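This report covers helix packing and nonpolar cores in one model. The sequence and structure come first.

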Amino acid sequence: MEPTIQSPLTPLPALQVWWQRLPRWVLAGLAGLTPALVAMLLITTQLHASLFDFVPNGWNDQIFYWHQIGTFKDVGFNGGYYSHQEQVPALSFFHFHAAGPAFPLLYGLPAKLTGWGPYTGILFNMVILAVGIWIFTVVAQLDRLQIMLLGLTVAILRVVQIYLPSIMQESAHHALGLLLAAAFYRLLTRERQPPAFVLGLFIGLLLIGLFRFSWLVLLLPFFLLAPKRLTLWRVLAAGIAFGILTVAVLLLFQQMTPPGNNSILTRVRTVSTDPVTGLQSLLTLALDNISNSFVTLKDGRRLDAMAWNGLQFIGVAAVALVGCLLRRPDVSRAGRYEMPFHLYNLLAIFGLALVFYLPSGYVRLLTPHLLLTLALLIAFRRYFLVGVFIATTLLMTGPFLREYQEELDVNFHVNQAEWEPERIAIAQYVVYQPDAPTPWCNTVLLPLNWVDYRATLIPSGIGFTFLPVMEFKQPPQSAYLWLPDTDYQRVKDRLHVEVLFTTSIGTMYRNLDSPCPLVSQ
């Protein structure tokens, strides 16, 4: 019989029979489904739509992700290029955009079995997040109260609900945060680790570092927690290994992705080539992030939901710092290392996000690490802190709902019938060539502001790249150019093209400077 938890959150006596009899695996399943159920409720009540109305339309990154997954599902690595200004990776085998190949592979592989439609990725998001919650409940052996707290905490997080009904990477990273929480729970609670577990976690951290290299900050605590006891030499060796491996993964990632459109790699490159200018730009970015994120000048001075999440993040880090300074003597492994781990996990990513990430967007980079810490706090029964976090999150429900509508409405109210003539015309003239002499034969060049629903009309297998028309310094390499008439008029003297078809929004041209045969149906 499972012991009753003595805490302020213990259920009322009238509910204890239900509480104790419901199997934990059922509760774990419900906890895993809770974020998805909340997402469906928000779509219905706030967007007045259904999941099946979704088509990717807002956020350029989302359009790239959705289209790349469809291409990998249909033709694997043999699709056209996805890039900025027609730049390609040094490792030309990879044709993917600045975020690399990990996400298209992660969702593209199961899509080979399930198919890939406009909203398929949202279903994948829901499943992968539920799996992350379930695995953590099993590894950490959560009791009923902890399981319910975990499901509620994940479900009400702003960034979780903003990105769950989308084709962004974030839900996958939220699930990774929970999986890593399970791994670090073992490191924090067991003196000895099986070599297979240590090796698997080490390889896993390197691989997810290629998915999003901010995860590499966890290599350092991994090196420190994997051994049974620490010595000064082990600490020094951990620091050196951490530095070498981080640089190696960054360099490999840089070779796998096209240059010019990854803000973090660009800033790292600037610092390495011109340290003074680079450091000045990082300081400016950090100040902009602080100013733009914590005070929003909109309807007067008000704190928005994103800024509130940032303050919550800092608050949890502050509690971890106090826990480090005032902790009671505890000889257990978790007693020695839990709060220092939280402090490092939160402050390391917070500092890096402030100086390297895009202004006003770094909170989404913090959330997976926050989820990792919150899951561990629940596992170690830090109920008061978790309760305060839940309460302060619910206090910002109003600002969150306004932001939710502003961000997501564009994806759920697209008149697809309006664009059907363009889809038919593109499918007739822009045809995937499996034996093309170069991936440029399967690539369309279009304006950046057309990387929205219009880009989804391009068939899978055909990549797309964007380039400001006034930056044509040489003939473009893409086999197809899809341009509005105003842009074409500005650069027509520098192009050698023929018209394939004209639509209500612009004209598709065949680039005669491209070494590709004309294919049509």
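## Helix 16 against helix 17

Helix 16 (residues 363-379) packs on helix 17 (residues 383-395) at an angle of about 135°, and their axes are 8 Å apart. Helix 16 is therefore oblique to helix 17. Axes are lines fitted to C-alpha atoms, for helices over the stretch in contact, and angles run from 0 to 180 degrees between N-to-C directions. Helices are DSSP runs (H or I, at least four residues), numbered from the N terminus.

The crossing of helix 16 with helix 17 is left-handed; that is, the near helix is turned anticlockwise from the far one by less than a right angle, with clockwise being right-handed. Helix 16 contributes Leu370, Leu374, Leu377 and Ile378 to the contact, and helix 17 contributes Tyr383, Leu385, Val386 and Phe389. Contact means heavy atoms within 4.5 Å. The contact of helix 16 with helix 17 has 8 nonpolar, no polar and no charged residues. Ala, Val, Leu, Ile, Met, Phe, Trp, Tyr, Cys and Pro count as nonpolar, Asp, Glu, Lys and Arg as charged, and the others, Gly among them, as polar.

## Basis of the values

This is a predicted model: local features need pLDDT of at least 70, side-chain atom pairs count only at pLDDT 80 or more, and totals for chains, interfaces and linings use all residues. Residues are numbered from 1 along each chain as its sequence is written, and side-chain values use heavy atoms, leaving out hydrogens and water.

## Nonpolar cores

The largest nonpolar core holds 112 residues. Phe136, Leu150, Leu218 and Leu376 have the most contacts inside it. Helix 16 supplies the largest share, 12 residues. A core is a set of buried Ala, Val, Leu, Ile, Met, Phe, Trp, Tyr and Cys residues joined through side-chain atoms within 4.5 Å. Buried means under 20% relative accessible area (1.4 Å probe, protein chains only).

Beyond residues up to four places away in sequence, Leu376 touches Phe136, Ala181, Tyr185, Leu188, Phe341 and His342. A second, separate core has 29 residues, including Ile63 and Tyr480.

## Helix 9 against helix 11

Helix 9 (residues 195-211) and helix 11 (residues 232-256) cross at roughly 40°, their axes coming within 9 Å. The two are therefore oblique to each other. Their crossing is right-handed.

How values were computed
Parallel < 35°, antiparallel > 145°, perpendicular 65-115°, else oblique. Buried < 20%, exposed > 50% of the residue type's maximum accessible area, 1.4 Å probe, protein only.
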